Amino acid sequence: MMAKPFFRTVYDVPREEYLAPGHGLCAGCTAGTIVKLLLKVAGPNTIVVNATGCVEVSTTPFPYTSWKVPWIHVAFENAAAVASGIESALKALKAKGVLDPSKKINIIALAGDGGTYDIGFQALSGMLERGHKVMYVLYDNEAYMNTGIQRSGGTPVYAWTTTTPVGKILKGKIQQKKPIAEIVAAHRIPYVATANPGYFADMMNKFKKGLEVDGPSFVHVIQPCTTGWKFDPRYGIVLARLATETGLWINWEQEEGQFRVTVTVPRRKHVRHYFELQGRFSHLTPEEIEAIQKEVDLEADRINKLVGRTVIGPLVE
Amino acid sequence: MESVLKITWKRLPLSSNFAIAQAVKDSDVDVVSAYPITPQTTVVERISEFIANGELKAEMIHVESEHSAMSAAIGASAFGARAFTATASQGLELMHELLHIASGLRLPIVMSVAARALSAPISIWGDYTDVMNARDTSWVTLIASTAQEAYDSIIQAYKIAEDPRVFLPVMVAYDGYAMSHTYEPVYVSEKADAFKDYIPKNPQWYTLNPDKPVTIGSIASPDWYYEFKYQQVVAMKNAYDVVKEADEEYGKRYERKYGIIEEDGVEGSDITFVTYGGIFGTLKESVEELRKKGEKIGLARIRLFRPFPSEDIAKIAEKTKALVVLDRAITYGVGISGPVSREIISSLYSSGIERNVYSFIIGIGQRTVTEKDMAAIYEKTKEMLASHEKQKESIYWGVRE
Amino acid sequence: MGWKELPRGGSILEPGNSESRYTGDWRTFKPVIKQDKCTRCLRCWIVCPEPAIYIIDKPYATSSGRQFKFSVEVNYDYCKGCGMCVEECEPKAIDWVEEEK
């Protein structure tokens, strides 16, 4: 029996801000939305470990910082390892009586797909295997955006990036998007979820659950990027929602081995609604779009079977 | 200063690795994050035993690589905990970017390095190429030559690192295999909390604390970066005095001290040997034999390598007629390729002291060096001096043609 | 500021001091909330990435007689003119106005 969700309406969202404006994130960067809401859930007793990337660079150009909680940046590939060190220090100092054992401090490792899928994979896997009580939040804009839109293991197939450009012979990324959340779930940690800033209550509930489990947790958030995906900045949240409405981005959670889809899609939209808005997919042929649509249909069937009911509905629009 | 606390010592047969593990326990370290690598492994194994037996109340993070070992140590130290790691050779290389970051973030981490040769070809045997390779990383670096010194230096290292005039990480290096795995009698404290007055726990560096939120590790544009790096230059300079003071205080409290450069018979000598690490033992034995034959030979062992004690070396040079430097590392691409000999030559130039400095490379990849070799090196040096030879290239002692 | 006064190693000691950077000069268009049409659903406040939309203690009575205890306003010091609030607003209470130069 699932507990009542903590966040249901906008009025459940705390007013206090822990992300200060004045940072250099692009106009319309949904990472700002995600981080702002993450900090509202986590509150002031939180330490954020940020990998190198868009969020890190834009929020801490010396002498300015947008963080109102303790924050550390060390390198690109080791947010999980640094967070492991902080978590162990917290445990050690509590055990030695230096810190009040009842003092609750959240430790969040925050990294992009850059610092997680590829270069950061080892440190992440190690942290999960060792069972540190750290919540890892992956903001996925599907490319190495901070260095200028190069492909990552999280870039979807066919997407244009500067290292998978659309040329005469090769057109966009060849490989599929690495199923990072599934790989993390295979580590059998207490809580894994995928989330979407277009569904803020669902996302915030997942952050809250992740912070409460006694062990590692992982929340994979889709983060539409106006600059790298090439769309008008005003559509950031609209696109995020379209990703779910087309079945391309399923919001699920795995809690102590129990899998559930937390945002149902009763009437599914055709994937072209999602691709049409993005310049990085403008070269897609009708055949390629249909091929992707078929993949989505198959995945929807698989998920529905897995869950035992229709959570991702039929293609309607 | 408060009255000297009388510690009761117990005398144990320990390898340098075990002595270091003992020192980590006696320094009341909070977090250890390390990855095994020959010849450091028994440091971490012994620490694990202490923790498993409840003798050391610390968290041991079994990291999945040395890069994560240093990352976790940085995280722990940034939280205000006393952090330790240990490595060698390839492990030290894997964490290389983080060595710069640890010092750049001004965190007082202590690390022991069982000096080992670098790949390729892979060698698990000792030399100082890995330690020398890290000399640009702004880590205060001490080189021990006995297991006792390794033990004492780890404890002193925390005093140095955590001093507000320094706030830099400290590396304690020692010979891989020749010291890490050979047993010597070592005096260690009987009681675990014996050093708590010498190295009290009082984190004064910027820490991650929700009651006082700070941002650590910002991005610094050309308008700002330079000043932060200069702060490190100043901290390294301060470290010289802090190392000296830490050693003096240790001597007053615990009746053992080492100084910056250990010297013997330098005054009035014709030639003074300079080296570092465990090979000093072999050198001492050879020189004693040569002295019996009437040779006027001085001995100097560099204990503090970074910051480099230029003035101390100049003072030693003044008291002798020539220097012979035995390096156990090669910096490729320069004629005089012994790293310490280069530091010495540069120090003498800055001091305006003119002396012949002869550079010999020995013990690479743990190539055996005996007393006979030392004696032969001495003869060769006398020859070069007599013919007023200005050395253009280090002599790679023992390389087979 | 020289090396003596600067905090060690690039650390920043005042939390949230980026508030002194007015990113409002980035925009070319600005959102204007029509208080009379705004239903105070707060979705614009949720999505704003800066954040540059504030909930303020300003009661308001609409022309049709609806009473609200608070209002929602844009902070033009920080608003970068991305337009996500305009897209999010269901009653279409936010106008998209070109900045005068």
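The model is predicted, and local features need pLDDT of at least 70, side-chain atom pairs count only at pLDDT 80 or more, and totals for chains, interfaces and linings use all residues. Residues are numbered from 1 along each chain as its sequence is written, while chains are lettered from A and ligands numbered from 1 in the order in which they are written.

Chain A has ten helices and eight strands; helices (H or I, at least four residues) and strands (E, at least two) are DSSP runs, numbered from the N terminus. Buried residues, those with 20 or more other C-beta atoms within 10 Å of their own C-beta atom, as placed from the backbone, account for 59% of the 317 residues in chain A.

A nonpolar core is a set of buried Ala, Val, Leu, Ile, Met, Phe, Trp, Tyr and Cys residues joined through C-beta atoms within 7 Å. The largest such core holds 258 residues, of which Val49(A), Ile86(A) and Ile74(B) touch the most other members. Its largest share, ten residues, comes from helix α3 (residues 79-95) of chain A. Domain 1 (9-254) and domain 2 (263-396) of chain B both give residues to this core, so the core lies between them; the domain bounds come from an automatic or database domain assignment.

The C-alpha centres of domain 1 and domain 2 of chain B are 28 Å apart. Their contact (C-beta atoms, placed from the backbone, within 7 Å) takes 26 residues from domain 1 of chain B and 22 residues from domain 2 of chain B. On the side of domain 1 of chain B that touches domain 2 of chain B, α8(B) gives the most, with five residues.

Note on methods. A residue is buried if 20 or more other C-beta atoms lie within 10 Å of its own, exposed if 12 or fewer, and partly exposed in between; C-beta atoms are placed from the backbone. Two residues are in contact if their C-beta atoms, placed from the backbone, lie within 7 Å.
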